[in-house]
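I opened the model today and kept notes as I went. The entries follow the order in which I looked things up.

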Amino acid sequence: MWENYYSVVKIEQALDCLDSERENARIIAGGTDLILELKQGIRNPLKTLIDINHIAGFRNIWMDENNYIHIKAGATHNDCVASKLICDNALPLAQACYGIGSPQIRNVATIVGNLITASPANDTISALIALDATIIIRSKSGLKDVRLSDFYTGVRKTILSPSEMVDEIIFKKIPNNSKGVFNRYLLRKTHAISLVNSTIIVTLNEEKISKAIITLGCVAPTIVRAFTAEEFLIGKELNNDVIEECSVLAVESARPISDIRSSDK
């Protein structure tokens, strides 16, 4: 499936290799998506894999002095699940990470890898778009930041060029007067790909909603925002009747198709 496998210890080595081999090379960290894609012929032709697992600090998760959380490219799903920082300040992401695969998969699969695979069924994308995450893209030419919501152009399609790699994810912690939750619907209880997933973050002032974010996954080629439902929530108190009407409005933002996993109904 590949001819060369390089285990690099510096990010500059990875960038040099990407710059020279371009379409023939891919970054690998966990590889849980990439190896399957190679077996299925989705990512061919490919000659070189660049292993970034031995780059110092590439699994770090921290919060800076401005309350922005940083997740490096090698951080796994279980790194996030085990992070008190994430659980306390970005709960929807921890919930999304916890539902992915088995413990063995979560121990090696990276969050950045989940983003780059670019399937609208990938749970962390919904959570991170709701958190208004930015990704830092690195190449030999330097750094650039891209809002995650602008990163996708279609199913399994992104704006990432062959000479670029995602270095880290950055987003602001959820404010103290906000609450967030991630949920998904499966055909079985565990080890399944979402049929629908959603992330909701609401900000409350004196028991009334002042801001709402609702993202939906698996219902369109890319993650969608339920803007009409968000606007409906503003100024209302959170109760069962409001939630019921909001859910009906959120459905209007979905554009599902019938496929092997479910119908569009």
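These notes cover strands, helices, salt bridges, a surface patch and a few backbone angles.

**Entry 1: the model**

I am working from a predicted model. I number residues from 1 along the chain, as the sequence is written.

**Entry 2: strand 10**

I started with strand 10, residues 165–172. I asked how many of its residues are buried. Seven of the eight are, so the rest of the structure largely encloses this strand.

Next I looked for its partners. Strand 5, residues 68–72, pairs with strand 10 in the antiparallel sense, over five bridges. In that pairing I found Tyr 68 opposite Lys 172. Strand 6, residues 134–139, also runs antiparallel to strand 10, and five bridges join the two. Here Ile 137 has Val 166 of strand 10 as its bridge partner.

I then checked the charged side chains. Asp 167 and Lys 72 meet in a salt bridge, 3.0 Å from N to O. Asp 167 sits in strand 10 and Lys 72 in strand 5, so this pair links distant parts of the chain, 95 residues apart. Are these two buried or exposed? Asp 167 is buried, at 2% relative accessible area. Lys 72 is buried too, at 12%. The pair belongs to a network of salt bridges that links Lys 72, Arg 138 and Asp 167.

**Entry 3: other salt bridges**

I ran the search over the whole structure and got 10 salt bridges. As a reminder to myself, side chains of opposite charge can pair when their charged atoms come close.

I noted Arg 156 with Glu 37, where the closest N and O atoms are 2.9 Å apart. Arg 156 is partly exposed, with a relative accessible area of 36%. Glu 37 counts as buried, at 4%.

I also noted Asp 79 with Arg 59, with the closest N and O atoms 2.9 Å apart. Asp 79 lies in helix 3 (residues 77–81) and Arg 59 in the loop between strand 3 and strand 4 (61–63), so parts 20 residues apart in sequence are tied together. Arg 59 is partly exposed, with a relative accessible area of 44%.

**Entry 4: helix 1**

I turned to helix 1, residues 11–21. Its buried residues are Ile 11, Ala 14, Leu 15, Cys 17, Leu 18 and Glu 21. I looked down the helix axis: these residues fall within an arc of 160°, so they line one face of helix 1. What do they pack against? I listed strand 1, strand 2 (25–28), strand 3 (48–51), strand 6 and strand 10. Arg 22 follows helix 1 and has a positive phi, near 45°.

**Entry 5: helix 8**

Helix 8 spans residues 123–130. Eight of its eight residues are buried, so the rest of the structure largely encloses helix 8. Among them are Asp 123, Ser 126 and Leu 128. Just after helix 8, Asp 132 takes a positive phi of about 55°.

I went through other backbone angles. Ala 118 has a phi near 65°, positive although the residue is not glycine. I found Ala 118 in the loop between helix 7 (111–117) and helix 8. Ala 118 is buried, at 3% relative accessible area.

Cys 218 has a phi near 75°, again positive in a residue other than glycine. Cys 218 is in the loop between strand 13 (208–217) and strand 14 (224–225). At 18% relative accessibility, Cys 218 counts as buried, because the cut-off is under 20%.

**Entry 6: the surface**

I finished on the outside. Met 1, Trp 2 and Tyr 5 form a nonpolar surface patch, with about 310 Å² of accessible area together. Met 1 lies in the segment before strand 1 (4–7). Met 1 counts as exposed, at 51% relative accessibility.

Glu 244 is in helix 10, residues 240–251. Glu 244 also counts as exposed, at 52% relative accessibility. I took one distance from there: the C-alpha atoms of Glu 244 and Ser 83 are separated by 33 Å. The two residues are 161 apart along the chain.

Note on methods:
Predicted model: local features only at pLDDT ≥ 70, side-chain atom pairs only at ≥ 80, totals over all residues. Heavy atoms only, no water. Buried < 20%, exposed > 50% of the residue type's maximum accessible area, 1.4 Å probe, protein only. Helix = DSSP H or I, 4+ residues; strand = E, 2+ residues; numbered from the N terminus. Pairing = 2+ DSSP bridges. Patch = residues over 30% accessible without salt bridge, like charges linked within 9 Å, V, L, I, M, F, W, Y side chains within 5 Å. Areas by Shrake-Rupley, 256 points an atom, 1.4 Å probe, with all protein chains shown as cover. Salt bridge = Lys/Arg side-chain N within 4 Å of Asp/Glu carboxyl O. Arc of directions from axis to C-beta. Contact = heavy atoms within 4.5 Å.
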